[in-house]
Amino acid sequence: MLRTHTNGELRIDHVGESVTLAGWVQRVRNMGGMTFVDLRDRYGITQLGFNIEKDPALCEKARKLGREYVIQVEGLVIERESKNAQLATGVIEIDVKALKVLNASEVPPFTIEDETDGGEEIRMKYRYLDLRRPPLRKNLELRHKLAIETRKYMDGLKFMEIETPYLIKSTPEGARDFVVPSRMNEGEFYALPQSPQTFKQLLMVSGYDRYFQIVRCFRDEDLRADRQPEFTQIDCEMAFVEQEDILNTFEGLVRHLFTSIKGIELPEFKRMTYAEAIQRYGSDKPDIRFGMEFVEMNDVCQGSDFVVFDSAELVVGINAEGAGEFTRKQLDALTDFVKRPQVGAKGLIYCKVNEDGTFKSSVDKFFDQEKLAAWAEKTGAKPGDLILILAGDTNATRKQMNELRLNVADQLGLRKKDEYAPLWVVDFPLLEWDEDTQRFYAMHHPFTSPKPEHLSLLDSEPGKVNANAYDMVINGVELGGGSIRIHDQALQAKMFKLLGFSDEEAQKQFGFLMGAFQYGAPPHGGIAFGFDRLAAIFGGTDSIRDYIAFPKNNAGRDLMIDTPATISEEQLQELHLKVQHES
Ligand code: ASP
């Protein structure tokens, strides 16, 4: 090997040893008679010392080194005169005897240190350089550990990791597919999997009763900060289980990851039905690190000739404890926030509870002190608190209030980074009605089993049927979701019919699955976790991109390899995507 030690390894005990190190030049400093070089690799930084009097030629050579040159040095480990407590190797340095440049480097387009001067775009273009920076390196290390600990836990429970194909068939449900033209089959296409869903179910039919896979999935969706066109799931499936078994098994996985990687014992996993989550928090992934729950206030708000309230289906409030001191400016900012098109409220009504117990509201014209006291009683507001109210259509108003609740909580510092509040949201509706297309869609996916006790509603009131489906939510982030599956061919066929498939279409798209169900399909269910998101949660940031070695930007582009890109005429013709013109 070209080195005896890494740059993060040498300590006081190594003093007196002759070593060979290799790595990248982070910095060269000339201090009179001495030249110091910080040598970096994945493991850390070691200081190299060159003494001009001892070896002028060698010192001269060191002075000429540029940033990011790759070098190899031989030398003696000595104790440093001025120690650096910031560095693990900060008590030693290398008295260099020989220096070899293994490769020169152009001046990098941005500084390769913890804090860089490079903008987003340039760092994406030179991702291989950005990945040399310690923060990104630490993110990838964390991701690696998560993968290893996941495999350990799953293997310990006899789960088998089995690969499923990437070239599969396009299906009309869910998100948009990425498709791949087939050269050998003119006019036909593969699709990249949005998830291995049907394959893992087939594996259950095959008898591999505990499957998992850390697997890439592809969805051609509009991108946001927490979305990537290709992303990774911890995909899992089990046979001969009920919902409770799955919740316990995967609560165990997440607990294991938190204890083994963060040394944190998670609190109890709360359980909440979907209906409750929507009513109390306006979201199916509520952040329950703090309270500020919704209070429905129609009874104390309506009937005072205030048309905004009187005409509303729902009047809903929250009590922001301690926010009574919000200034006029802050309140105006909150109003602007709820009025943003992304939130979509028409306005915000507030009521401060003064320290002397009196009230100051934005609608004093309509509501006297007595009426405002009823608001305070309803919401539990005390002196120093602030009641915030929105009114309108139930669904829209709840969504708006969810945004407001999170915004206010951020301002009050209630969303603490080092606190974790895990939650299972259960009893999701099976179907979702879409006004535009006038049909039902599967809320989770078409393979999700209705609750057995709701089966009889399937024909009469399908919209009221709940599913054996569940999401794991931590701190307002949906980490994973899954369901108990249908394993009965007739029920699966019925489900497709409800979703608007003709028998023929269902057969064409999913005949393989329904066929398999005729050969002894065991009861089964599973879950999939967003692996990139899990890494981001563990790392304490929102952006999953920072945990992916080579991510795409917001426009779905890889700026480094510059793709998507055009392909040649020949390729297009070969793939039957362009008709060859007779010349
Ligand atoms: N395949 C599902 C998804 O990707 C997860 C599951 O039901 O296991 O959301």
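Trainee: Which cysteine sulfur is closest to that of Cys 351, and how far away is it?

Mentor: Ground rules first: this is a predicted model, where local features need pLDDT of at least 70 and side-chain atom pairs count only at pLDDT 80 or more, while totals for chains, interfaces and linings use all residues. Residues are numbered from 1 along each chain as its sequence is written, and side-chain values use heavy atoms, with hydrogens and water left out. A disulfide here is a pair of cysteine sulfur atoms within 2.5 Å. The closest sulfur is too far from Cys 351 for a bond, because it belongs to Cys 301, at 9.7 Å.

Trainee: How many disulfides does that rule give?

Mentor: Cys 351 has its closest cysteine sulfur too far away for a bond. Over the model, the count by this rule is zero.

Trainee: Is Cys 351 buried or exposed?

Mentor: Buried means under 20% relative accessible area, exposed over 50%, and partly exposed in between (1.4 Å probe, protein chains only). Cys 351 has a relative accessible area of 0%, so it is buried.

Trainee: In what order do the strands of the closed barrel run?

Mentor: Strands (E, at least two residues) and helices (H or I, at least four) are DSSP runs numbered from the N terminus, and two strands pair if DSSP finds at least two bridges between them. Strand 1 (residues 18-31) and strand 2 (residues 34-41), for instance, are antiparallel partners with seven bridges. The barrel has five strands with mixed pairing, in the order 1-2-3-5-4.

Trainee: Which strands does helix 1 touch?

Mentor: Contact means heavy atoms within 4.5 Å. Helix 1 (residues 56-63) packs on the sheet. The strands it touches are strand 1, strand 2, strand 3 (44-51) and strand 5 (92-103).

Trainee: Where is Gln 26, and which residues does it touch?

Mentor: Gln 26 is in strand 1. With a relative accessible area of 10%, it counts as buried. Not counting residues up to four places away in sequence, Gln 26 touches Asp 38, Arg 40, Ile 45, Arg 67, Ile 112 and Glu 113.

Trainee: What is phi for Glu 68?

Mentor: Most residues other than glycine have a negative phi, and most peptide bonds are trans. Glu 68 sits in the loop between helix 1 and strand 4 (70-79), and is buried at 4% relative accessible area. Although it is not a glycine, Glu 68 has a positive phi of about 70°.

Trainee: And what about Asn 475, what is its phi?

Mentor: Asn 475 is found in the loop between strand 20 (469-474) and strand 21 (477-484). Its relative accessibility is 8%, so Asn 475 counts as buried. It is not a glycine either, yet its phi is positive, about 55°.

Trainee: Which residue does a cis peptide bond join to Thr 563?

Mentor: The omega of this bond is about 10°.

Key: Axes fitted to C-alpha atoms, helices over the stretch in contact; angles between N-to-C directions.
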